[in-house]
Amino acid sequence: MKRFRNILYVVEPSVAQDGGLARAATLAESNQALLTLIDVLPEETLDLSLAPRGPSADAFRDAVMAERRTWIESLIAPHADRIAYRIEVLTGITFIEVIRAVLREDHDLVIKTAENPEWSRLLFGSDDMHLMRKCPCPVWLMKPEEKPNYRRIVAAFDVDVHRTVSGEEVLNDSILDISSSLALSDFAELHLVHAWDTPEAGFVGLWTSDPETTERHLIEGEQARHKLGMERLTFRLRERIGDEAYDYLSPRIHLPMGPARKQIPLLVGKLEADLVVMGTVARTGIPGFIIGNTAEAMLYQLQCSVLALKPPGFVSPVTLE
């Protein structure tokens, strides 16, 4: 399935690039997409006071940026004969300039190796989190030691069984499309997960004389509704990829009971998953939606690569001005 046509790869000089760049090049090749490599230099690195005595500010800036471009050329060299690519070296704040490039050039996927700051046990750094919150197109953050092929992919969904939520089905279908396409291309297991909860079950004793039976019926009924919601989701997946591909994938369905921010990272760790595909934009009033605060809580716990998507109509707070 060809999904991407204009991929943006963000160079992260603080960690190894080989694994992430190899996967980006393979994806560009299989999609016949243009791959743009972008490097954003902080303004302070172009401070003339750091330069040897003699060159002008403009000459020093040009020399530093040319050196950086040469370095990126060396990174892409092993893949240069099989893809169409371009290099862009900019200055500024990384996540802002990356999002502006997306807006300016209409990129449909951003790939970046996670910063993995040395002072923290977290996989994702500040620029990573800003991109996942604010970038309008999907963002794929890869572990520095990225594998050439994934073994297990987890796709996390919200399935609101009590009301129709605008954009939810489109977002879930996008998660289905991307996760299944990657699982097929990598010959990986596909795990579909939806965490659900019934917090009101703990209060049935306030209004019934048989709290144990009432609580059991309440939980069983809620579980059945969420199971039906996931069955509808898997039916849509079968429709989208066809019976043969669906039967080959045989996606595993997981319906853990409890808050998504706890249950999904636990499942990802138990499965030793290589990638989580999920949505990342908050919508108020939707209990348990795997976005917003829930997504951030999950991201702080995950130690695997993440592909984060936005729902339709998302507008980035970053502008070209």
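These are my notes from looking through one predicted chain.

**Ground rules.** The model is predicted, so I kept local features to pLDDT of at least 70 and side-chain atom pairs to pLDDT 80 or more, while totals for chains, interfaces and linings use all residues. Residues are numbered from 1 along each chain as its sequence is written, and side-chain values use heavy atoms, with hydrogens and water left out.

**Whole chain.** I find nine helices and 10 strands; these are DSSP runs (helices H or I, at least four residues; strands E, at least two), numbered from the N terminus. Of the 321 residues, 52% are buried. Buried means under 20% relative accessible area, exposed over 50%, and partly exposed in between (1.4 Å probe, protein chains only). I get an accessible surface of about 15500 Å², with 52% of that belonging to carbon and sulfur atoms; the areas come from Shrake-Rupley with a 1.4 Å probe, and for residues only the protein chains shown count as cover. Among contacts (heavy atoms within 4.5 Å) between residues at least 6 apart in sequence, 78% join residues at least 24 apart.

**Helix α8.** I checked its span: 12 residues reach 16 Å from first C-alpha to last, close to the 16 Å expected at 1.5 Å a residue. The expected value is 1.5 Å times one less than the number of residues. Which residues of α8 are buried? They are Ala260, Ile264, Pro265, Leu267, Val268 and Leu271. On the face turned away from the buried side I noted exposed Lys262, Leu266 and Lys270.

**Positive phi.** Just after α8, Glu272 takes a positive phi of about 55 degrees, although Glu272 is not a glycine. Glu272 is in the loop between α8 (260–271) and β9 (275–279). I also flagged Phe187, another non-glycine with a positive phi, near 55 degrees. Phe187 is in the loop between α5 (168–186) and β7 (189–193), and is exposed at 64% relative accessible area.

**Cysteines.** How many disulfides does the rule give? The count is zero, taking a disulfide as a pair of cysteine sulfur atoms within 2.5 Å. For Cys135, the nearest cysteine sulfur is that of Cys137, 3.8 Å away. Cys135 is buried at 0% relative accessible area, and Cys137 is buried at 6%.
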